[in-house]
Amino acid sequence: MAQLIYSAISSLDGYIEDLDGRFDWAMPDEEVHRFINNIERSTGTYLFGRRMYETMMVWETDPNLAADSPLTRDFAEIWQAANKIVYSRTLQTVSTRKTLLERTFDPEVIRQLKESVTHDILIGGPELAAHAFRSGLVDECHLFLTPIIIGGGKQSLPDNLQLELDLLEERRFDSGVIFLRYRTK
């Protein structure tokens, strides 16, 4: 059975983007990027909301990004090899291969997906992840805490949710980024 993993790069005060919608402060350095690549190698399916999909689709639609370095090429290959499901009521079409567009998030469909695939499922974007958290679908939470306080923006974790977690792994990077891997109870 596959694990559903929520992964986010967050400021220390818990935001994935600032008040202006920027997240340039969250760009991983080479050490963190290599670590992310190794974690995401086991991902068979990505679940995205529209905004996260539009942010991530460049890994397939912009060949210059992949050509930047062996590290970015590796990530682009990982991302392109995985299946993707995009949840959006407004997006008309998708621009990447191996991508399915769904209008609504159905927790039962995700439960069936978890039972039917062997590779991990990664859910990206806090709004979509909030539905998964509230439905009891998230098995692990991977947080990359960036040493910056931005004071507001889009929260990395949902409001009005209480969930106990077990710390499985932690790692500190030279840049000051800290990786925390939790299992939900």
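Rings of Phe, Tyr and Trp (its six-membered ring) are paired when their centres lie within 6.5 Å; planes under 30 degrees apart count as stacked, over 60 as edge-to-face and the rest as tilted. The model is predicted, with local features requiring pLDDT of at least 70 and side-chain atom pairs counting only at pLDDT 80 or more, while totals for chains, interfaces and linings use all residues. Residues are numbered from 1 along each chain as its sequence is written, and side-chain values use heavy atoms, leaving out hydrogens and water.

**View 1. A cluster of phenylalanine rings.** Ring pairs join Phe35, Phe144, Phe173 and Phe179 into a cluster.

**View 2. The pair Tyr6 and Phe133**. The whole structure contains 10 aromatic pairs. One of them, Tyr6 with Phe133, is edge-to-face, at 5.6 Å centre to centre and 75° between the planes. This pair links distant parts of the chain, 127 residues apart: Tyr6 belongs to strand 1 (residues 4-11) and Phe133 to helix 7 (residues 126-134). Helices (H or I, at least four residues) and strands (E, at least two) are DSSP runs, numbered from the N terminus. Tyr6 is buried, at 0% relative accessible area, and Phe133 is buried at 9%. Buried means under 20% relative accessible area, exposed over 50%, and partly exposed in between (1.4 Å probe, protein chains only).

**View 3. The pair Tyr87 and Phe105**. These rings are edge-to-face, 5.4 Å centre to centre with 65° between the planes. Tyr87 lies in strand 4 (residues 83-87), whereas Phe105 lies in the loop between strand 5 (99-102) and helix 6 (107-116). Tyr87 counts as buried at 11% relative accessibility, as does Phe105 at 16%.
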